[in-house]
Amino acid sequence: MGRKRRREAERPTIHPKNKYSENPPDFALLASLYPSFEPFVFYSRDGRPRIQWTDFNATRELTRVLLLHDHGISWWIPDGQLCPTVPNRSNYIHWIEDLLSTDIIPKTCTNSDKVRGFDIGTGANCIYPLLGASLQGWSFVGSDATDVALEWAEKNVKNNPHISELIEIRKVESCQSSGKESHNGESACEINLDSSGHVDEAEPSSSSPFDLPIDANNIYHGPPVLLGVVKDGEQFDFCMCNPPFFETMEEAGLNPKTSCGGTPAEMVCPGGEKAFITRIIEDSVALNQTFRWYTSMVGRKLNLKILKTKLWEVGVTVVKTTEFVQGQTCRWGLAWTFVPPARNIISPCVTEKKNLSFMLEGVQRQFSAIDVLHSVESFFHSAGASCKLNSASFTVDITASKDHCNAILKNEVNVVDEAAGGKHLQEMSSSSSCFHVPLNSLSFRVSVFQQIPGTLLVKGSLQHGDSPFPGLFSSIFQQLEADLSYKFRQSTAASGESGLISIRYG
Ligand SMILES: C[S@@+](CC[C@H](N)C(=O)[O-])C[C@H]1O[C@@H](n2cnc3c(N)ncnc32)[C@H](O)[C@@H]1O
């Protein structure tokens with residue numbers, strides 16, 4: 001498989017449950033139905049209807065008509081406020097839907113089976129509560145700290161009586177006690193946000209409502225985030241957040257290809273997303289199981305790595321990540337919990353099957369068995385395992401040591417033995433059994449058979465009798481299935497299955 005083709009196959013796609021995954025918005029149809037949208041649509045030389053993505057009025061009108069046409073939501077925001085793209089924002093909602101339906105952690109026995117979420121920084125657009133309530137029937141608290149966001153979020157809720165009962169907009173008081181103190185002992189709650197959320201025109205564009213010098217240690221100085229906003233006795237299934245990603249407005253304005261608006265209050269905070277999400281993590285430690293899942297969007301891969309390390313330090317039990325497709329830019333979803341993982345994920349002993357198989361369905365037609373075979377080889381090879389590909393028999397023979405197996409499973413489940421002082425002792429996949437990886441190797445053959453175009457059968461067979469470490473072969477095989485699905489099966493590429501998951505047992 002050519003490198004370009006492989007790269008394209010590996011690109012994450014829109015979530016399969018997303019309304020727009022098969023049918024992207026039809027600008028021509030929308031223009032014919034909504035006269036207010038029509039002036040923004042033009043036709044390029046190839047005859048395709050387009051809009052000018054750098055025109056804020058065009059992107060806002062598109063969001064308005066999409067919300068109305070596809071979701072029955074009446075919506076508006078004032079000039080300059082952050083304008084959400086509906087397909088992108090829907091991906092985050094569907095990822096949470098996946099998260100809530102996994103059995104990694106037990107379903108909590110709350111009195112109600114209704115899902116309750118908390119949107120940190122809901123913005124004037126209030127997009128997540130509106131989509132979450134209309135797509136899933138979830139109820140929400142949407143918080144924000146600026147008057148303009150609160151005023152317009154309220155308006156957007158009120159204008160949708162069919163879901164307004166489900167959404168509470170909650171003001172984050174700048175002077176609310178968050179129980180947090182900054183490193184020098186002063187209250188961390190010392191910012192007075194501009195009531196409009198805008199910075200005075202005369203001010204340099206780099207300033208933000210968080211008008212404080214950026215702390216050398218990038219510590220968040222701003223209004224409370226969760227602690228001090230969540231009320232005593234409240235319980236939530238999840239929180240979500242599209243944080244202010246940037247440290248300055250210059251940084252925020254680096255994508256001239258689109259105009260999605262965004263005031264400093266929405267885009268910027270001292271320390272950027274790293275500081276903001278670090279505060280969510282710190283608050284989550286105090287709030288613990290008040291939320292089943294804590295989640296946030298992350299804009300930079302480097303920050304994702306740093307934040308994951310931080311999460312393990314504070315003692316979470318599970319970390320889950322995903323990648324969101326956002327046009328040309330990548331965003332990540334980060335989720336964590338303090339709920340102990342469901343014990344039935346790891347049963348004490350499993351009889352290892354010597355032969356395993358799975359069907360790879362819905363494979364794009366340009367890929368054949370040989371492409372999949374090469375992918376199998378590179379999957380194990382990149383972990384350091386030795387591989388012998390035989391293109392005549394469509395097989396790959398693999399010999400993997402303990403370290404190679406660990407490398408393959410690394411991003412899956414990190415099991416921690418409390419008695420060993422919280423050190424990571426073993427690593428395994430979420431559905432595997434417990435195993436102690438001895439020093440010898442695992443030897444197996446993977447065969448790929450094309451059934452019909454678009455459907456392949458992938459078989460794995462242990463080569464030398466029983467696996468020396470029960471459970472490991474099936475764990476690795478499951479990991480292979482996830483990897484191949486992600487690469488070749490367009491429809492599952494953005495699903496929770498393809499997200500990386502790490503679990504820690506305490
Ligand atoms: C990037 S915008 C996200 C808006 C909307 N959720 C979206 O996805 O388009 C970040 C929002 O967080 C708000 N914000 C900043 N600090 C906050 C805090 N401490 N608590 C609640 N909201 C906050 C800002 O006012 C802004 O509306």
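Strands here are DSSP runs of E with at least two residues, and helices are runs of H or I with at least four, numbered from the N terminus. The model is predicted, so local features need pLDDT of at least 70 and side-chain atom pairs count only at pLDDT 80 or more, while totals for chains, interfaces and linings use all residues. Residues are numbered from 1 along each chain as its sequence is written.

What does β7 pair with? Two strands pair if DSSP finds at least two bridges between them. Strand β6 (residues 236-241) and β7 run parallel over three bridges, with C239 bridged to Y294 of β7. Strand β9 (residues 329-337) pairs with β7 in the antiparallel sense over five bridges, and there T295 stands opposite A335.

Turning to the ligand, 22 residues surround it, and the closest are G121, G123, P223, N242 and E266 (a residue is near a molecule if its C-beta atom, placed from the backbone, lies within 6 Å of it). At least two residues of this shell come from each of α5 (127-136), β4 (139-144) and α9 (264-267).

Finally, C126 is not a glycine, yet has a positive phi of about 50 degrees. C126 sits in the loop between β3 (116-120) and α5 and is buried, with 29 other C-beta atoms within 10 Å.

How values were computed
A residue is buried if 20 or more other C-beta atoms lie within 10 Å of its own, exposed if 12 or fewer, and partly exposed in between; C-beta atoms are placed from the backbone.
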